[in-house]
Amino acid sequence: MSVSSEPTKDSGGILELKGSSSDYADTEASHEQSKATAALWTKMDLVVLPVVTMIYFLSSLDRSNVGNARIAGLQKELKMSDTEYSIALTVTTIALLVTDIPLNVLVKTIGPRFMVSGMVILWGITCTLQGVVTSYAGLVVARLFLGLFEGGLLPAITLYLSSFYPRRLLQLRVAIMFSATSIASAFSGLLAAAILNMEGVGGKPGWAWLFILEGLFTVLFGIACLWLLANTPNTSPFFTPAEKQLIMRALHEDGIISGEEKDHSYNKANFWSTFIRPHVILVMIAGFLNGSTLSGLAYFLPSIVAGLGYKGTKAQLMSVPPFAVSAVLSIITAFLSDRFGSRGITAIFFATVALAGFSVFYASFVNDVRYGALFLLVPGTYCIGPPLGTWMANNSAPLIRRATALALLPIATNVGAILSTWLLGAISPAPRYTSATITLLVFQIGIILAAGANIAWLSYENRRKARARLAAGSVPPASVVGENDNSIWFEHVL
């Protein structure tokens, strides 16, 4: 806005601005532009967010429904021991681990439209085939391919969202997407309670129909994604040319480069440098600790609830409420986190909530009290994921570093998941789960320390960059598109 006004004092001594009428016209134009921009991000939420959220919902549902199948008779019918069940879960997690980085780097080459849609179709087929296995070996093979086809999904769709939204708007969207994990875990219990009534239909047990019906829906949605997903905002058929221009301008102002633009920073040096970035390492540590807890709850909460005295269908249904609370809290706190730009504080707060929940679960011998503790430890655990993922995306640039960092985080969480499948599976017996509870309690303290250390490091970096800008006495570059996070003009999000 061009300002020719000067501040003057009125009779009451209050400062007021007196300027040309063009100031008011400029203000009005700015107001109209702000309204148009807000409407555009709302449209983006309606076009992009539901598809990505549904993809992640189906991923979580198809990977964790084995926990519902277990208490519905899967383990007994396939004659599995607790150790063999843990091995089946571990195979999936190892497959996820080995595919995270290569698949996430390939997203830029192949494009998310074909790559993500293909992944959805393939793991949907695999989930369906779990319903026809008749042996433990068959289940292990199916779980292996499920992990291979789902590997790289979380970093890929987080990277996808970070290429559509400016940094300040990202956590709420990631949280909505990530809330699909909680909703899937809750919905899995409800679905299981309904589908298990198909026991004996077609000569198959109820747990088999759980895999078959959920897998077939995933295949159909994966096919639909070929039309619903766009590679970039510029290639989306749902936006007008003027809207695409506004989106790209907002992304460029935030230093974000679009997938189809030439990116000279997409090189090996920036790829390998990601591995030694302090903020990446600290978030990975928090991710490992959180991943151990989150995966353990995703796979074992129905068994934990069953150990509290609930049986059959009621055990499936009683696992629903803690996950439902998690979904609501995740979205509410993400809105506040985006509003105040506080990723680290959000993670610390929920780690503290989870710490309180595990403390109560460990100390009490009353089943009702222990069930109540789930309303602390489940939301506390599930609400840490969105700020960690967003924190990693916000502070990693250019694109190759962001893609690599977002792949490293689920690698860390999946390593934690391997630990939890043994902690809650074979090592720590039900119903007390004493060793697992103590371990996961300590892990919440570790998350608090890692997040606190990262806040301290990023604050130091921001102060250092502020001093460097002042000393340089220079002005920002005309464009910060693709700017490296080492740049003094790149300010870290705390």
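Thr-92 sits in helix H3, which spans residues 82-110. The model is predicted. Thr-92 counts as buried, because its relative accessibility is 0%. Helix H3 packs with helix H5, residues 136-150.

**Thr-92 and its surroundings**
- Beyond four places in sequence, Thr-92 is in contact with Arg-63, Arg-143 and Gly-147.
- Arg-143 and Gly-147 are among the H5 residues in the contact of H3 with H5.
- Thr-92 itself is one of the H3 residues in that contact.

**Geometry of H3 and H5**
- The two helices pack at an angle of about 25°, and their axes are 7 Å apart.
- H3 is therefore roughly parallel to H5.
- The crossing of H3 past H5 is right-handed.

**Residues of the H3-H5 contact**
- On the H3 side are Glu-84, Ile-87, Ala-88, Leu-89, Val-91, Thr-92, Ala-95, Leu-96, Val-98, Thr-99 and Leu-103.
- On the H5 side are Tyr-136, Leu-139, Val-140, Arg-143, Leu-144, Gly-147, Leu-148 and Glu-150.
- By type, the contact residues comprise 13 nonpolar, 3 polar and 3 charged.

**Model confidence**
- The average pLDDT of the protein is 85, and 89% of the residues score at least 70.
- Confidence is highest in helix H14 (residues 343-363), at a mean of 96.
- Strand S2 (residues 15-18) has the lowest confidence, at a mean of 38.
- Residues 1-25 stay under 50 in pLDDT. For this stretch the model has 26 contacts beyond four places in sequence.

Terms used: Residues are numbered from 1 along each chain as its sequence is written. This is a predicted model: local features need pLDDT of at least 70, side-chain atom pairs count only at pLDDT 80 or more; totals for chains, interfaces and linings use all residues. Side-chain values use heavy atoms; hydrogens and water are left out. Helices (H or I, at least four residues) and strands (E, at least two) are DSSP runs, numbered from the N terminus. Buried means under 20% relative accessible area, exposed over 50%, partly exposed in between (1.4 Å probe, protein chains only). Contact means heavy atoms within 4.5 Å. Axes are lines fitted to C-alpha atoms, for helices over the stretch in contact, and angles run from 0 to 180 degrees between N-to-C directions. Angles under 35 degrees count as roughly parallel, over 145 as roughly antiparallel, 65 to 115 as roughly perpendicular and the rest as oblique. A crossing is left-handed if the near helix is turned anticlockwise from the far one by less than a right angle, and right-handed if clockwise. Ala, Val, Leu, Ile, Met, Phe, Trp, Tyr, Cys and Pro count as nonpolar, Asp, Glu, Lys and Arg as charged, and the others, Gly among them, as polar. pLDDT is the predictor's confidence in each residue, from 0 to 100.
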